[in-house]
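Take a look at the sequence and structure first, then follow the topics below.

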Amino acid sequence: MNNQTKSVFLSLAAPFLCAVTSLAATSPLGTAESFTILGGSTVTNTGASHISGDVGVSPGTAITGFPPGIITNGALHAGDGPATQAHADLVTAYNTFAGMVSPPANNLTDLDLGGMTLTPGVYKFDTAATSGGMLTFDAQGDPSALFVIQIGTTLITTGSSSVTLINGADARNIYFQVGTSATLGAGSTFIGNILADAAITTVSGTNLTGRLLAIIEAVTLDTNNVTNPGLTPATPAHLLNISTRLNVQPGNNVLIGGFIITGNVSKKVIVRGIGPSLPPQIVNHLADPTLELHGPNNFLMTNDNWKETQQTEIEASGVAPTDDLETAIVATLPPGGYTAIVAGRDGTSGVGLVEMYDLETASDAKLVNISSRGFVQTGNDVMIAGFILGNGTNREDVLVRALGPSLTSISNVLADPNVALHDSNGTLIIANDNWREDANQETLINATGLAPTNDLESAFVTTLPPGGFTAIVSGVNGGTGVALAEIYHLIPPAN
């Protein structure tokens with residue numbers, strides 16, 4: 001894809017940063033902080049919304065749609081004392097944010113938030129604000145950094161919009177002060193606290209980490225997930241499962257999955273090679289996969305049919321294959337790099353899946369990387385790398401790469417790879433063709449020390465909440481060839 005977004009990287013002077021950082025530390029919402037949803041006249045829900053935190057209305061008293069909506073870690077407050085006080089504190093906070101001074105350089109009027117990267121400070125739209133792409137907040141290493149977006153009239157996002165946080169940015173410290181009403185597009189992903197003078201509407205499928213707080217009118221929900229970012233301290237999330245699906249071929253075009261374990265102790269994992277049990281809509285399954293697990297110091301384990309050698313251990317893992325012809329290996333591995341090779345028995349081909357599961361999530365050792373190599377084709381036979389972040393609540397930084405031209409020892413490489421990252425609903429989060437096409441991304445990628453060595457290769461850094469994600473690697477203009485897909489969990493160094 002061609003880069004059609006603009007990158008705006010704006011910052012404020014140090015004295016003003018100190019002032020807004022201090023405000024972030026004082027919980028400017030007061031008692032409204034516990035409210036994930038707070039309407040002025042009504043709160044209305046349609047569908048199976050899930051709200052984490054309090055839901056209230058004041059001075060109105062009408063809340064409808066719970067159930068089918070579900071509330072966890074909170075309660076309904078329909079015009080009661082807590083809602084009344086929260087509404088008063090909301091008005092105070094709204095006026096505080098509206099009164100902040102935004103430097104002339106931070107006036108974003110007539111620009112689209114999609115594609116921008118904002119550093120801590122106060123930004124202003126004289127009239128309406130829109131977002132049609134990915135908005136990035138960069139805290140520059142300060143987890144208490146405050147971001148305030150002052151919007152004169154409306155805030156409207158599209159279904160393709162998203163928000164990402166990098167370098168310590170915290171959803172609790174991001175505020176959109178909206179002069180009239182806000183509307184979040186269907187299926188979009190949003191992070192931050194919306195304080196609207198009038199109404200807020202979230203269209204079907206919107207996911208939000210933050211708060212929806214309307215002073216005068218209604219908050220209207222429709223099958224949304226809204227999580228209050230201030231309920232519990234964030235805990236680090238980890239890679240629990242990493243996998244890659246590909247059309248496995250004979251010879252050098254088998255499916256090769258590498259992974260890295262870090263830490264000071266060994267980690268118990270299960271590695272699987274799957275084919276026959278893949279969903280029926282995937283044609284041409286790998287009928288009888290084989291599996292080899294290689295590691296340091298000539299470590300080698302092999303398996304053809306999973307019940308042959310480790311049936312008891314594999315069944316105890318809770319993720320035993322469902323077909324007897326599929327393969328699995330349980331191993332307790334010291335820190336280091338490992339390679340799993342999935343092939344077809346007797347040189348057969350077909351769509352196969354290589355997977356690694358962390359069976360000791362409480363261990364100090366962590367899975368931090370998967371790198372899968374294979375022959376990328378077109379249509380359903382592109383390379384699909386999946387991973388799950390979990391066992392924690394924090395948003396985590398990841399680097400995704402798709403390499404081809406730099407694989408100099410491999411023949412018939414993918415000349416121009418691109419990569420697209422999707423969430424568990426299939427919504428596109430971020431995509432890239434050539435890694436240097438976006439100046440801000442180039443800076444972030446270089447900072448990891450893992451930048452591709454060829455300009456035609458693809459990479460991006462993004463921050464993700466716990467959940468399942470899929471990186472799809474394909475060739476530009478239908479190109480085919482051998483490629484390497486990599487996902488790195490960028491764990492910050494210990495203090």
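A search of the whole structure finds 1 cavity of 30 Å³ or more. This is a predicted model, in which local features need pLDDT of at least 70 and side-chain atom pairs count only at pLDDT 80 or more, while totals for chains, interfaces and linings use all residues. Residues are numbered from 1 along each chain as its sequence is written, and side-chain values use heavy atoms, with hydrogens and water left out.

**The cavity**
- On a 1 Å grid over the protein atoms alone, a cavity is a set of points where a 1.4 Å probe fits but cannot get out, and lining residues have an atom within 4 Å of a point.
- The largest cavity has a volume of about 50 Å³, where volume means the space filled by probe spheres set on the points, which are joined across faces, edges and corners.
- Its lining includes Leu 113, Ser 131, Leu 155, Thr 157, Phe 176 and Phe 190.
- Two or more lining residues come from each of β14 (155-157) and β15 (162-166); strands are DSSP runs of E with at least two residues, helices are runs of H or I with at least four, and both are numbered from the N terminus.

**The sheet**
- An open sheet of 7 strands runs in the order β6-β3-β21-β19-β17-β14-β11, with parallel pairing; two strands pair if DSSP finds at least two bridges between them.
- The edge strands, β6 (62-64) and β11 (129-131), each pair on one side only.
- Strands β19 (residues 200-202) and β21 (residues 219-222) are joined by 2 bridges, and Ile 200 stands opposite Val 219 in β21.

**Helix α4**
- Buried residues (under 20% relative accessible area) of helix α4 (residues 439-448) are Asn 440, Gln 441, Glu 442, Leu 444 and Ile 445.
- After α4 comes Gly 449, whose phi is positive, near 75°.

**Backbone details in the loops**
- The peptide bond from Ser 58 to Pro 59 is cis, with omega near 5°, and Pro 59 is found in the loop between β5 (54-57) and β6.
- Another cis peptide bond joins Phe 66 and Pro 67, with omega about 0°; Pro 67 is found in the loop between β6 and β7 (70-72).
- Asn 298 has a positive phi near 65° although it is not glycine, and at 77% relative accessibility this Asn 298 counts as exposed (over 50%).

Note on methods:
On a 1 Å grid over the protein atoms alone, a cavity is a set of points where a 1.4 Å probe fits but cannot get out, and a pocket is an open set with protein on both sides within 12 Å along at least five of seven lines; lining residues have an atom within 4 Å of a point. Buried means under 20% relative accessible area, exposed over 50%, partly exposed in between (1.4 Å probe, protein chains only).
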